[in-house]
Amino acid sequence: MHFERPRRLRRSNALREMVREHRVNLAGLIQPLFISETLVGRAAVASMPGIDQLSLEAAIDEAARLSKLGIHGVLLFGLPAHKDAFASSAADPEGIIQRAIRGIKQRCPEMLVLTDLCHCEYTDHGHCGILDERGDVDNDATLELLARTAVSYARAGADVIAPSDMMDGRIAVIRQALDAAGFVSLALMSYAVKYASAFYGPFRDAAQSAPSFGDRRSYQMDAGNVREALREARIDAEEGADILIVKPALAYLDVVRAIVEVSELPVAVYNVSGEYAMVKAASAQGWIDEERIVDEMFTSFARAGASMIISYFAASYLERQQR
Ligand code: PBG
């Protein structure tokens, strides 16, 4: 009997591109920026080679460079001069983020300015909100603060607000506050699914936001849970989120896929600081090829179903695609 052996497609470069099922949405790449109120120029982040903390002026220049490159969005993190127990500098109309939003929008109006909304960079204890007398984050007191800071970012001209604090009910409260202030069409990109993760290690250097005691495990998700992620995503969608973020990315792609399958909202992955640092460290040793690794990682995010990628590699990846 004649046995017809199934043939595997032999690909030329052109054919490989032609039959490819998933590719990275280049318009959905978002580059995070760390903007310091006290810095002059730039300061390297030791655990994130290639990433700098930026002064206000340097951040505006960097946004202009990214815009020219074709990056459509920057995600801003602020390093304020003043920290206290109540994060009082966060909602200051002359605060570092508010000035950065205005400066970037003025210099490159087409750049989408997304602002991370969390208070861990603004509190002297480094937790994501206001503490109660037991040292736990007070959910409802923090909600008020979130709403106030969100409105101040909106007034400064932010395009998208990305709450990353994980307080219960925050999306509804922030949406209401924005609507009441007249910002009915401003988008909310919720860090709906944020795991308590060691992958955020280098970020806490970069953003100077390490908690001075304890950790964030009581209010961030446990790595063992995926049904809980679906619940978080559903609740945030019901409360008015426009876009959902899953964070970290690499170790949680099953979660991305699970959410993409049940939610109608666009999903973003956050390829976080520890994921960046691992690639940089190994490639500096010559143990892996950074470019190929990043291409493969980004492809896996697209394959999992993410239409947006927040990554410290966003700009270098895009630059490479255009070569
Ligand atoms: C909270 C926030 C964090 C990150 C983004 N927003 C830190 C945390 O949740 O503890 C981490 C991002 C990264 O590691 O790159 N403001």
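**Cysteines, salt bridges and surface patches in a predicted model**

Good morning. A search of the whole structure finds zero disulfides, a disulfide being a pair of cysteine sulfur atoms within 2.5 Å. Cys120 is accordingly in no disulfide, and its nearest cysteine sulfur, that of Cys118, is 3.9 Å away. Cys120 is buried, with a relative accessible area of 6%; buried means under 20% relative accessible area, exposed over 50%, and partly exposed in between, with a 1.4 Å probe and protein chains only. Cys108 also counts as buried, at 3% relative accessibility.

Residues are numbered from 1 along each chain as its sequence is written, and side-chain values use heavy atoms, with hydrogens and water left out.

I turn to charged pairs. Side chains of opposite charge can pair when their charged atoms come close. The structure holds 18 salt bridges, each a side-chain nitrogen of Lys or Arg within 4 Å of a carboxyl oxygen of Asp or Glu.

Which parts does the pair of Glu37 and Arg99 tie together? Their side chains meet at 3.3 Å, N to O. Glu37 lies in the loop between strand S1 (29-36) and strand S2 (42-44), and Arg99 in helix H3 (residues 96-107), so the pair ties together parts that are 62 residues apart in sequence. Helices (H or I, at least four residues) and strands (E, at least two) are DSSP runs, numbered from the N terminus. Glu37 is partly exposed at 30%, and Arg99 is partly exposed at 28%.

Another salt bridge joins Arg175 to Asp242, with the closest N and O atoms 3.8 Å apart. Arg175 is in helix H5 (residues 170-180) and Asp242 in the loop between helix H7 (227-239) and strand S8 (243-247), 67 residues apart. Arg175 is buried at 12%, whereas Asp242 is partly exposed at 32%. Asp165 and Arg170 also meet in a salt bridge, at 3.1 Å, N to O, and both are buried.

Finally, the surface. Leu9, Met18 and Val19 form a nonpolar patch with about 300 Å² of accessible area together. Such a patch is made of residues with over 30% relative accessible area and no salt bridge, nonpolar side chains (Val, Leu, Ile, Met, Phe, Trp, Tyr) being joined within 5 Å and like charges within 9 Å. Leu9 is found in the segment before H1 and is partly exposed, at 39%. Thank you.

How values were computed: This is a predicted model: local features need pLDDT of at least 70, side-chain atom pairs count only at pLDDT 80 or more; totals for chains, interfaces and linings use all residues. Accessible areas come from the Shrake-Rupley method with a 1.4 Å probe; for residues, only the protein chains shown count as cover.
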